[in-house]
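Keep the 3D view open as you read.

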Amino acid sequence: TVTFGYIEKIPYREQIKTRLTQIWNYEKFSMPSREGEYIYFAKNDGLQNQFAYYRQKEGGEPELFLDPNTFSADGTTSLGEMGFTKDGSLLAYSISEGGSDWRKVITMNAITKEIVGDTLMDLKFTGIAWQGNDGFYYSTYEKPKGSELSEMTDHHKLFFHKLGTKQSEDKVVFGGDIKRRYVGGYLTEDLKYLVVSASISTTGNELYIKDLTKKGADFKVVVGNFESDNYIIDNEDTKLYIATNLNAPNWKVVTVDAEKPGAENWIDFIPETENVLQPSTGAGYFFANYLVDAISKVKQYDKSGKLVRDISLPGIGSAGGFSGKKDDKEIYYAFTNYITPPSIYKFDPKSGEAGLYKKPVVDFNSDEYKSEQVFYNSKDGTKVPMIITYKKNTLLTGKNPTLLYGYGGFSIPLTPYFSIDNAWWLENGGIYAVPNIRGGGEYGEKWHLAGTRM
């Protein structure tokens, strides 16, 4: 009552709303991915509450595949995780009703769009990982006896659901013994290994693998404590490729044989540098996306660890993607910054050529604005980067209306991104400034820890 009583008296409020609605009304696309014979992508026509999912065959016309806007009459049911089988014939997807973290999972024949099997109930903080076409792994907690909105849930477990059986028959695969707050499972692309990541907070995880080709095989410990972050990004038969910040706060990629996967046997594949590494794989290559003062620089490596090329990006900003399946012939990446709406590029990893795939048409003229990076000293002398964005020819007198935004938590880096809210602010002479304060992930784990406690 107090808030609306105040803001409803602002004479130009309706004018702001009209302009925001106008700028927001443009087609938005997600990165495409190949599943079976189809390329899938999400699209928002402009002012839809949620993105709808489309698919198309090579050279064919897009068709609507799944529209979360139709899940409920009031539009409050949203789409969560999506998990396809390796051949793309089956899909399991989760839905959230009214914004709840407790999800339902529905399974469909992806070719005919027919629902198959029962709907799974009461899943929370889960991925969906298919083991062939027989069933999939998921995670959840025991359903609270009191309110599901406020009761403590801290014992996460990984289950396997066999298609065509009841959820009550699902077996615990991992996590039944010890309380862990988060447990997640995923499979290597060749379906040889089940990988389990387990943690007790938002950073640091244990890592386990299980060889699914060996009957009765048990889990092997890759990392048995919560002191570092570790995940498997690829494998070639028994050779594992692991991204880790163990003794490497800026991350590196190592290799190890799955028979003896302990850290004492790790060999550097992409060694740690002074810049934070975010690795990915696709089309049989490795991509090292480095954060250099919170800005993307990307290198491409082959399977032997040899540098193929430095990838030329469209400008200074944030690039993401560079991932796909091993037999993909091309992969995609997105690029954005504070004055450039996210555009998607198609990249040929053999030739290194990239071409514009989708560029949104936004009623905002990027050429009229400037985005520059400066550095300042914090009170203890630490050099901190900050990106300042404003209309060209603005006199920086220190008296302009300014939005100063910082985050600095959970090792999450704030990299340049385009925002309609900010576009309106910039149009009206506002300055938008983002310092990359400690606590984020811009300079690795040391930067994260420097923002915690004192």
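Start at a turn. Strands E14 and E15 form a hairpin with five residues between them. In that turn, Leu191 has a positive phi of about 65°. Strands here (E, at least two residues) and helices (H or I, at least four) are DSSP runs, numbered from the N terminus. The model is predicted: local features need pLDDT of at least 70, side-chain atom pairs count only at pLDDT 80 or more, and totals for chains, interfaces and linings use all residues. Residues are numbered from 1 along each chain as its sequence is written, and side-chain values use heavy atoms, with hydrogens and water left out.

Now look at the pairing. E14 covers residues 182–187 and pairs with E15 in the antiparallel sense over six bridges. Two strands count as paired if DSSP finds at least two bridges between them. Val183 stands opposite Ala198 of E15.

Move to the other partner of E15. Strand E16 (residues 206–211) runs antiparallel to E15, and six bridges join the two. Leu194 has Lys210 of E16 as its bridge partner. These strands also form a hairpin, with six residues between them. There, Gly204 takes a positive phi near 90°.

How many of the seven residues of E15 are buried? Six are, so the strand, residues 193–199, is largely enclosed by the rest of the structure. Buried means under 20% relative accessible area, exposed means over 50%, and partly exposed lies in between (1.4 Å probe, protein chains only).

Of its 18 lining residues, Ser197, Ser199, Thr202, Asn205 and Asp229 are the closest to the centre. E14, E15 and strand E18 (230–236) are the elements that give two or more residues to this lining. E14 gives the largest share, five residues. By type, the lining divides into seven nonpolar, ten polar and one charged.

The pocket terms need their cut-offs. On a 1 Å grid over the protein atoms alone, a pocket is an open set of points with protein on both sides within 12 Å along at least five of seven lines, and lining residues have an atom within 4 Å of a point. Ala, Val, Leu, Ile, Met, Phe, Trp, Tyr, Cys and Pro count as nonpolar, Asp, Glu, Lys and Arg as charged, and the others, Gly among them, as polar.

Finish with the charges. The whole structure holds 25 salt bridges, each a side-chain nitrogen of Lys or Arg within 4 Å of a carboxyl oxygen of Asp or Glu. One joins Glu37 and Lys57 at 3.3 Å, N to O. Glu37 lies in the loop between strands E2 (33–35) and E3 (38–44), and Lys57 in the loop between strands E4 (52–56) and E5 (63–66), so the pair ties together parts that are 20 residues apart in sequence. Glu37 is exposed at 61%, whereas Lys57 is partly exposed at 40%.

Asp211 and Lys192 meet at 3.5 Å, N to O. Elsewhere, Asp234, Glu236, Lys303 and Lys326 are linked in a network of salt bridges.

Technical notes: On a 1 Å grid over the protein atoms alone, a cavity is a set of points where a 1.4 Å probe fits but cannot get out, and a pocket is an open set with protein on both sides within 12 Å along at least five of seven lines; lining residues have an atom within 4 Å of a point.
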